[in-house]
Amino acid sequence: METLPPEIITKILEYLPFGDRRLVAMVNKAFYYASYHPAFSRKEFLTYQTSKVDLKKFTDFKKMLKKSRRKLFCLKFVDFIFIDDLTIFTNLGNHIITLHFNNLKCLNDSFLDAISQCCRNLEKLELVRLQDLSITDKNRAPIYKLCSITLDDVQMSDREFNPILKFAPNLKDLSIVNCNINGSSQVLKRFYPQRTDNATSNEYLFNKYNSNYIFSDINIIYHLNNSVQLNSLRLNQCCHIFYQIQSIQQFKSLVLDLKNTYTNQSSNIENFKILSQCIFLEQLEIDHLPLWLLPTVSKLYNLRHLTVKYSIRSGDDLELLKSFVDSLKDMKYIRKLSFNIVAEDFDIVHPIFGFPDCIFTSLTSLDCSLDANLRRIVFSENLISLRIRNAHNLSVSFLQKILTDVPNIQHLHIDRCCIIDDSNFVDLPISNLKELITLKILGSKISHLSLRHIWNSTLKVITFDSVSLLPFRVEENLLAVRQTILLLGIRIPLLTQLEIYIDSPSFSVIEGENLLSYYWEDIKELVKHCFKEMKIFRLWK
């Protein structure tokens with residue numbers, strides 16, 4: 001093994017999770033050094049969470065990072081206050097490539113100054129659940145490698161948005177989600193009565209819209225039209241921003257939520273047609289897409305990753321669904337496909353149209369409702385992820401055929417699986433899926449006894465809901481559940497996530513006997529004993 005080229009060893013280790021790669025690093029020197037390749041550091045976050053961290057002090061966390069052999073760091077901070085200690089940026093700044101802050105208590109000038117001065121190699125900045133900002137527009141040095149900014153549930157104004165965006169003159173990826181963007185024309189007229197659309201200088205660009213009271217759509221549009229390298233955008237509010245970006249043709253990734261955006265077909269369809277100009281678009285995710293906009297999406301022939309959640313309204317022409325499904329045969333490069341009705345419309349009765357055969361033979365990931373009338377589906381050997389949304393409309397024999405035809409599947413998720421119970425679960429060839437990592441079966445009618453038929457040693461995640469424990473007799477039932485956990489521990493010792501949500505009747509019986517605490521503590525201790533790598537265990541919601 002020591003004679004293998006380092007590139008081959010690194011490629012092998014890419015298929016392993018962090019825990020397994022740490023064990024492989026003990027094989028020999030070649031594997032040891034390969035396990036610290038910078039490519040892995042870019043995918044793994046080192047997290048400090050004030051309420052859950054085992055380290056006594058934040059200084060211990062910094063010492064751990066200093067002693068690490070990693071050359072690059074992706075750091076995540078949760079529920080933290082940086083008011084007193086910003087030295088982590090001074091000591092490690094040049095090695096930090098990603099910063100993620102979740103529920104940061106305060107974002108102020110000293111915080112941004114420290115990042116600007118020290119983190120010259122920063123590539124990605126993520127701010128989540130940030131309520132308190134106190135930022136002024138100072139002359140900070142831009143970070144030229146910073147190409148991705150995510151703002152999720154950040155309550156900011158134009159004046160606070162401007163200096164953050166000023167950080168990244170080479171911005172390529174921008175995500176603005178749940179940030180209360182204001183697009184009201186009356187409000188904009190109040191705060192920007194003299195607005196124009198012509199910038200004369202870079203300084204004017206960042207001072208034109210600088211209200212401290214609103215976060216306006218026109219300010220976002222203005223910046224995006226001056227971000228010449230932008231090719232990826234995510235919005236879930238004021239999606240009309242997308243249509244007013246001048247450089248839309250260069251986009252490669254686009255994520256939009258159109259809920260409440262389109263209330264009138266005739267007044268908006270022309271705007272959306274601009275999407276057909278995105279000839280380089282490779283990834284598209286659209287939520288709440290009206291049926292009458294499907295023909296525009298069908299013209300994007302270069303897509304690699306397509307996620308559509310469509311909505312149905314009274315009077316919609318359902319033939320548009322069939323036409324779109326047929327048009328998928330022209331998307332020759334598509335590898336990941338998710339095509340479903342939005343959750344709130346799922347109970348609307350509508351036809352399920354079968355995808356063209358050529359689509360199944362090229363996909364690596366599929367998430368959809370399947371046509372029960374298809375005799376057989378020939379899946380690609382490269383299919384590694386499959387989610388079936390409408391198992392209640394399928395037969396057990398149909399599911400058996402599907403699972404037989406996907407021997408290399410790694411992630412399997414089946415929804416609304418009311419046709420499965422203890423008597424036929426054993427007939428599903430799940431244990432034959434030798435590479436299975438994730439198994440989620442929701443809405444079934446099984447008891448915990450069915451879990452004893454799972455033998456996949458490669459599994460990391462198991463999720464079942466509506467699991468019955470009835471008939472319930474305290475000692476006998478607890479002993480039987482313990483036996484199920486013990487068998488899983490023997491067969492799947494490396495399991496990291498186990499969720500077996502018991503159904504409402506079983507929960508009510510246990511609660512009525514005042515045994516919830518006793519039951520939970522006993523099973524939780526057994527899980528800790530059987531699964532050394534367990535991170536998430538849930539028995540009820």
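The legends below describe close-up views of a predicted model.

**View 1. Three parallel strands are joined by bridges in strands S16, S17 and S18.** Strand S16, which covers residues 411-414, runs parallel to strand S17, residues 438-441, and four bridges join the two. Within this pairing, His 411 stands opposite Thr 438 of S17. Strand S17 is also joined by four bridges to strand S18, residues 461-467, and these two strands run parallel as well. On that side, Lys 440 has Thr 463 in S18 as its bridge partner.

**View 2. Helix H11 is largely enclosed by the rest of the structure.** This helix spans residues 217-224, and because eight of its eight residues are buried, it is described as largely enclosed. The buried residues of H11 include Asp 217, Asn 219 and His 223, together with Ile 218, Ile 220, Ile 221, Tyr 222 and Leu 224.

**View 3. Phe 89 and Phe 111 form an edge-to-face aromatic pair.** The structure as a whole holds 19 aromatic pairs. In the one shown here, the ring centres of Phe 89 and Phe 111 are 6.1 Å apart and the ring planes meet at 85°, so the pair counts as edge-to-face. Because Phe 89 belongs to helix H6, residues 87-92, and Phe 111 to helix H7, residues 109-118, the pair ties together parts that are 22 residues apart in sequence. Phe 89 counts as buried because its relative accessibility is 1%, and Phe 111, with a relative accessible area of 2%, is buried too. Both rings also belong to one aromatic cluster, which is formed by Tyr 48, Phe 61, Phe 77, Phe 89, Phe 101 and Phe 111.

**View 4. Phe 242 and Tyr 243 form another edge-to-face pair.** The centres of these two rings lie 5.1 Å from each other, with 65° between the planes. Phe 242 is buried, and Tyr 243 is buried as well.

**View 5. Arginine residues lie over the faces of aromatic rings.** Arg 304 is placed over the face of Tyr 333, at 4.7 Å from the ring centre. In a second example, Arg 491 lies over the face of Trp 455, and here the distance from the ring centre is 3.6 Å.

**View 6. Asn 271 is a partly exposed residue in helix H13.** The helix covers residues 265-272, and Asn 271 counts as partly exposed because its relative accessibility is 38%. From Asn 271 to Cys 418, the separation is 147 residues in sequence and 42 Å in space, taken from C-alpha to C-alpha.

Conventions. Residues are numbered from 1 along each chain as its sequence is written. This is a predicted model: local features need pLDDT of at least 70, side-chain atom pairs count only at pLDDT 80 or more; totals for chains, interfaces and linings use all residues. Side-chain values use heavy atoms; hydrogens and water are left out. Two strands pair if DSSP finds at least two bridges between them. Buried means under 20% relative accessible area, exposed over 50%, partly exposed in between (1.4 Å probe, protein chains only). Rings of Phe, Tyr and Trp (its six-membered ring) pair if their centres lie within 6.5 Å; planes under 30 degrees apart count as stacked, over 60 as edge-to-face and the rest as tilted. A charge sits over a ring if NZ of Lys or CZ of Arg is within 6 Å of the ring centre and within 35 degrees of the ring normal.
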